[in-house]
Structure formats: C-alpha cells, structure tokens
Amino acid sequence: MAGLAPGVQRRGWFRGRKWPFHLGLTATATIIAFPLLYAALIATQNNPEIFSFRTSPGTALRSNFEAVWVKRNFAGAMWNTVQMSFYVTAGKTVLSLLAGLAFVYFKFRAKWLVFFFVLVTLMMPTEVMILAMFRMVSGFGWQDTMTALVAPFLASATGAFLFRQHFANLPLELLEASQIDGATPIKFLTRVLIPISWNVIAALAVIQFVYTWNMFLWPSLIIRDEARQVVQVSLQTLTNIDGALTYGPLMLAAIIASIPPAIVFLLLQKRFMSGFAIGQEK
Amino acid sequence: MLIIGLVAAAILGPFYTWRNTDNPSASRFGIASAVAVAGAAVTPIAMGQCGFAAESTGVDHLFAYGLMAAGALLGLVALQALFDRADGKKRDTVAMTGEIRTGGYRMGWWVPWLLLSPTLIILLVFLYRPAVETFTLSTQLTRLGAPRSVDVCFSNFTEVLIDDPFKLVAYPLLAIAAIYGARFWVKRAAPGSLSRRGADLAAVGAMLSVFVALYAVFSPGGGGQVAYRPVYVNTVIISIGIVALGMVGGLAVAYLAFREIRGGTIYRTLLIWPYAISPAVAGVLFFMIFDPTAGVFTHVMDTWFGIDVPNYREHAVLAQGAIILASAWKILGYNILFYLAGLQTVPIDQIEAAVIDGASAWQRFTKIVLPALSPITFFLLVTNLTYAFFEVYATIDFMTKGAPAGKTSVAIYEIIRVGVNNGDLGRGAAQSVLLFIAVIGVTLWQFRTSGSRVSYGGA
C-alpha cells in the first residue's frame, strides 16, 4: 500500500461533473448515518411517543437519561469500561514496544523459535478457546475482577509484529549514534524510538482502544456482578426498565456507550491512517 | 490396530522426507521414521488408545488414525524445517523469521529474554494453555463448575458427524480430488481459450464442493446424534452474507468517495465512523429499526407499501437477513477505510491509457482497478471472515438470541449456548475445536496466498 493518506489525491482521474458525486456521497452518508440518527430520535421519546411514530424529538430525553444514568448506574459501567480500555491499551502498547525492541535490536539464540511462538498465536483467537479460558480464569478466583478483564489481553502478536516491522524499517544509524552515546536499550527506546514512532503507536492504540471498549463476549461471561460490568453488556439490562420494554433509554445508552470510541477514533483518525499505511507496507 | 498405524508411520515417514529433502541419506530416513512413529504415538498414548477400545466404532477408528497421521505429519514438517536449516536452505518461514539486520546490542543473553518475557508469559498462560485445555476438554464429559469429569474419547466429535465411516472419508476426499482436478485443468488449458474458461468455472465449483462436502459430513440429528448441520448452514449463510455485503458495499462506497472533491475529508469521515461502533450497539440499533411493534421498518413497510412484515424474530430468512444487515453496516466503515487507502495505489497511467483507448468505465474498473486492489480485497476477506465468525456474537445476542428455532445460532453462539448456558463444557469444547480448525484453515490459506500471489503494489 502506498504511504499516501486517502486525502492525498492524484491528478487526471477525476473528470466531468462533480454534482453527481456530491449527491451520491451525501445520500450514502445519510443512509449510513440513518440507524444512529433514528436511535437519537428514539432516545428523546417515551414509549407512547414511539408507538405513535412521532418524527420530531420527544419530551422524554431527561427522564430517559435519568433512567439510564442514575437508576441503572450506567455511569458506573462507563467508568469500568474506561479503566479496562485504558489498562489494556497502555499495557499492550508497552509490551509490544518491548517485544519489537528485542526482535529488532538484539541477537539471541532461538530467536526464530520465539518468533514462531508469537506468530502461531495469530491463528489462536480467544473466542475459540473461550470455554477453557473461562474455566481457567474462574479457577484463579478472578471472577468479577478488573484483572480478569485486562490480563488476558495484554499481549498480542499483532502489536509485537507491527513494531518489529516499523523498527526494522528505521535507519540503523539511529542505533549506532545511540550506542556511541552509551545509552541503554530502554533509554534508546524512550528517547529515540518512541518519539519518532508516534504514528504507529497511535494507530495501534486506536485499534486496541476501540477493540477493547467494544468487547462483549468475555465480559459477559466472567463478570456477573452488575456493578462491575462493562457498558456493552450492561446495555442488555436496559431493555427492561420497571417491567416493560423501554426503547428510549436503551437507544440513549447505546449512543452514550459509543461516544468514547468515536472520539478516540475521530481525534486520531489522521495518525491512524498514516500509521496503518506504514503497518501495511511490506 | 494401533500397531498398523505405527508401522504405516514408520514406512511413510522416510517417504515424506525423501520427497522433501535435498540431501537424502540413510540416517535422515532413520530419524524421519522414528519421528513419524513418535508423532503418531502421541495421541494414542495421551488418550489411552481409547479410539481402538473394544466398544469403539468405525468412526472412532477413523478419528484415532486421523490423529496419528496428524501427529506424524506435524513431527515430519518440524523435522523438515530442521533439515532445511542444516542444509542452509531458507524456506519462506525461515526467511521471514531470520535476522532482519546485522547490527544490535551486544549485552547479556538474558536482556532480550527479559524484554520479551511479559509478552511470552501472557501468550503462554492466556492463549497456549487454554488452547491445550480446549483439546483436553473436548474429549471429556464435564459439567461447568463440577469437579469431576469422565473421558469420553471422541464421542463429542462423532456425535456431530454422520455415523457412516465410509461417507465420512469419501465426501471430503471427493472435494479434495475436485480441487486438484480443477487445478490441473487450469494449468493445462491455454490462457484465454474456451477450455480455460471452463477450467476456471470448474475451479470455482471445486471450491464450492468443499462447502457441500462439509454439509454432507455434519449430522442432521436423530439417532442419538447432535444436529450440527443446521449450525453449519447458519454459519455459512450468515458469514458469507456479511462478508459479501460488507465488502461489495465497502468497495462501491470507497470508489465513489476517493476522488478529489470539495469536502472530501468530511465525506470520508462521515462514511467510516461506524468502525468505532461496537457489534453490540449495532445489534441495539437494528433491534430498534426492525422491532415488530415500534420499529420504523415495519411501520414504513405497512403504511407506505401496505406490506405486512412478519416479526423477524419468528421468520428464519428475515432474522438472518437482519443479522447480516446489522453486521455488514458495522463492518462497512472498516472496509471503506481500507479500500480508500488501496485505491491510492491504482496505477494512474494505466487508467489514462485506458481512457485514451476508449475503454468504458466498467471495463476500467474490472480490468485495472479490481486487479490492483486484490491484495486489499484478500486482506479484507480474512478480517471480515474473522468478524463474521466471532464478533457477530454480540449482534445476535441483542437481536435474536439464536431465534427462530436456532436459525440464527452460528458456531460461536452455539458454543456459548452449549458450553455455558447448558453447562456442557465438553461438548462446547468439541465445537470450539471445529471452529478452531476452520480458523487455522483460513489463516494458513492467508499465509500461503500472501506469500506467493499477493503483491503489494505502489510504495
């Protein structure tokens, strides 16, 4: 893949009228946005307004919010998810950096074996061994703990290989200069490598943050205490408030649950794209 | 019966090495023979030869021999890698894992190990150990939370398959034969000829025959067997639906959006944001849209078109369609993102030449743009497939919970239903192993293809 961000365009291709493209893009963007816009509308309505298919904002936004945020303590679930996503993202980034450093700047026996050991995990998604992992982690006595949510996801082959590839493409002079200064590997990492790798770090961080924030299956199994649950699973309890199917609060909660990953994604979108270009380059 | 397998391994081991090694020698054949026997003996010893026990059936024997063959083959492949290293021959994997630069720190041997140790420990404890335990569990009858378990040999596997050992071997072999036959035909036929077109069609047909063979191999239920065939069918329909809709849609939107146009960055952001939405939230949003009483879809169909849409949760096709639509919508942003990047690598000079030659827009697209995008398409195929296998769980859990009558219960959903909700860990683990094999198959196919065929254009 070329290291061009999608914003960078090439001449010559685009000829002819432009308004059909504006029309097509606006239509497509609207269709894609429809489920969310519709949810935003429902989030402001109470059940009678929903059943009368009112197309203007309703009157129940405040009460829906109270039902979600206060009555069902969605704030607590949000905080749990923030912590989990932060720990996993930070931990995975650090461990991947260390692994990349070891792979690229050290010679050691059996390196190919270690590499293979990590490579093989690419074909081992957690989901196919989720029952054994559930039994094992329960056996550790980690049910309903943050450790159970974070520890299994701290390392990944993707991250280690991403940094290995990135470091391998950097000029060797960096290391030589650093060695002449007598810097230790950790100093080399923090003073030299990290400052020039922010794009790759940001790309990995966005992917990991969004991935962790959106995790559903593992928390739904290992966390049974509602007070310690993460938002994606907590949504399920909101289908029923005070004994009836309530649509408004559920839609509001779904929107609230999507705000943090959306912000992270939008803020780091540029870096994410250029980082991806580097990561994909072979 | 065990002896037959071991003798076969002792004879066929050297044969494998003879075919693959550059430097055949008596000692190498001896080692290969020993390794093959040892590899073949691993599973019978670990499982107490249960596949050959007095009460075992023909299908059990098949499994026992199959595992012996797999063990022997694994040992031989590893041995071959060692021989190649000794010969100084760099195979793909060795070239990939080898040194990527000459410089480096000269410090104590323990320093790189120290840097790698957190990663290796996490992978060992939370991936390798559960992987091994999944295989162990799959041969047991274990209840969730119960301390005791009973070894049941292969019965967790044999009960999801048809119980005719002959068909069990014949169907997959037929599919494999079809693939090799078609490949042979493709090789022989001259490019561009009519025969070549027939061969290409045959190759596609051979690929499809794998799906048919698997369909025939899984048990439809009845006679004490578990009906796994419906789960297989659901998984195939829903996965293919998500991948096809998500990728075709993604490419179409990206092709519309990648051109230089005022406000292009804003458009692109407005197209890819569903990447950040979770599968669970996608399920919630489409749960609302398709809700039979309050949803806009039913309402509009009724009031505008006078169509009385049945409750999608009670209608198999609608339920599967709703799951596919919700999941494809969520993955669309990801596909657009990658296709936008991929479209930057399309060779512009070829496009311009094609315009001058009077090629139509459709011809330009199929003859130049699509081939140039093939690496991205292939990459997305694998990631989308992974998504459709696993992440779809949350969407299904919110929208249909497997209803109606299990018609939206895909493999991962069934694993949780059997293993956690029914507390039947052994059966759930056996189904996990099936899914595991599918994932390994897809990944190996990816490694092989990306190693040989896919070329990264540009850059």
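This is a predicted model: local features need pLDDT of at least 70, side-chain atom pairs count only at pLDDT 80 or more; totals for chains, interfaces and linings use all residues.
A residue counts as buried here if 20 or more other C-beta atoms lie within 10 Å of its own. Chain B is built from 17 helices and two strands, and its C-alpha trace spans about 75 × 60 × 55 Å along the principal axes. Take the contacts in chain B between residues at least 6 apart in sequence: 69% of them join residues at least 24 apart.

Next comes the meeting of the two chains. Chain B puts 87 residues into the contact and chain A puts in 89 residues. On the chain B side, helix α5 (residues 110–137) supplies the largest share, 17 residues. Sorted by class, the residues of chain B that touch chain A come out as 60 nonpolar, 20 polar and seven charged.

Within chain B, helix α7 (residues 165–188) makes a handy example. Its 24 residues reach 35 Å from the first C-alpha to the last, close to the 34 Å expected at 1.5 Å a residue. The buried residues of α7(B) include B:L168, B:Y171, B:A175, B:A178 and B:A182. What do the buried residues of α7(B) pack against? Their partners are α3 (58–86) and α8 (194–217) of chain B.

Another pairing in chain B involves helix α9 (residues 229–257) and helix α13 (residues 316–343), whose axes come within 6 Å and cross at roughly 40°. Angles under 35 degrees would count as roughly parallel, and those from 65 to 115 as roughly perpendicular, so α9(B) is oblique to α13(B). The crossing of these two helices is right-handed. Where α9(B) and α13(B) touch, the contact has 19 nonpolar and seven polar residues, and no charged ones.

A few spots in the backbone also deserve a look. In chain B, a cis peptide bond links B:A403 to B:P404, with omega at about -10°. B:P404 sits in the loop between α15 (361–399) and α16 (411–421) of chain B.

B:Q49 counts as partly exposed because 15 other C-beta atoms lie within 10 Å. Over in chain A, A:D144, also not a glycine, has a positive phi near 60°. The loop that holds A:D144 runs between α6 (130–139) and α7 (146–150) of chain A. Is A:D144 buried or partly exposed? With 15 C-beta neighbours inside 10 Å, A:D144 is partly exposed.

Definitions and conventions:
Residues are numbered from 1 along each chain as its sequence is written. Chains are lettered from A and ligands numbered from 1 in the order in which they are written. Two residues are in contact if their C-beta atoms, placed from the backbone, lie within 7 Å. Helices (H or I, at least four residues) and strands (E, at least two) are DSSP runs, numbered from the N terminus. Ala, Val, Leu, Ile, Met, Phe, Trp, Tyr, Cys and Pro count as nonpolar, Asp, Glu, Lys and Arg as charged, and the others, Gly among them, as polar. The expected span of a helix is 1.5 Å times one less than its number of residues. A residue is buried if 20 or more other C-beta atoms lie within 10 Å of its own, exposed if 12 or fewer, and partly exposed in between; C-beta atoms are placed from the backbone. Axes are lines fitted to C-alpha atoms, for helices over the stretch in contact, and angles run from 0 to 180 degrees between N-to-C directions. Angles under 35 degrees count as roughly parallel, over 145 as roughly antiparallel, 65 to 115 as roughly perpendicular and the rest as oblique. A crossing is left-handed if the near helix is turned anticlockwise from the far one by less than a right angle, and right-handed if clockwise.
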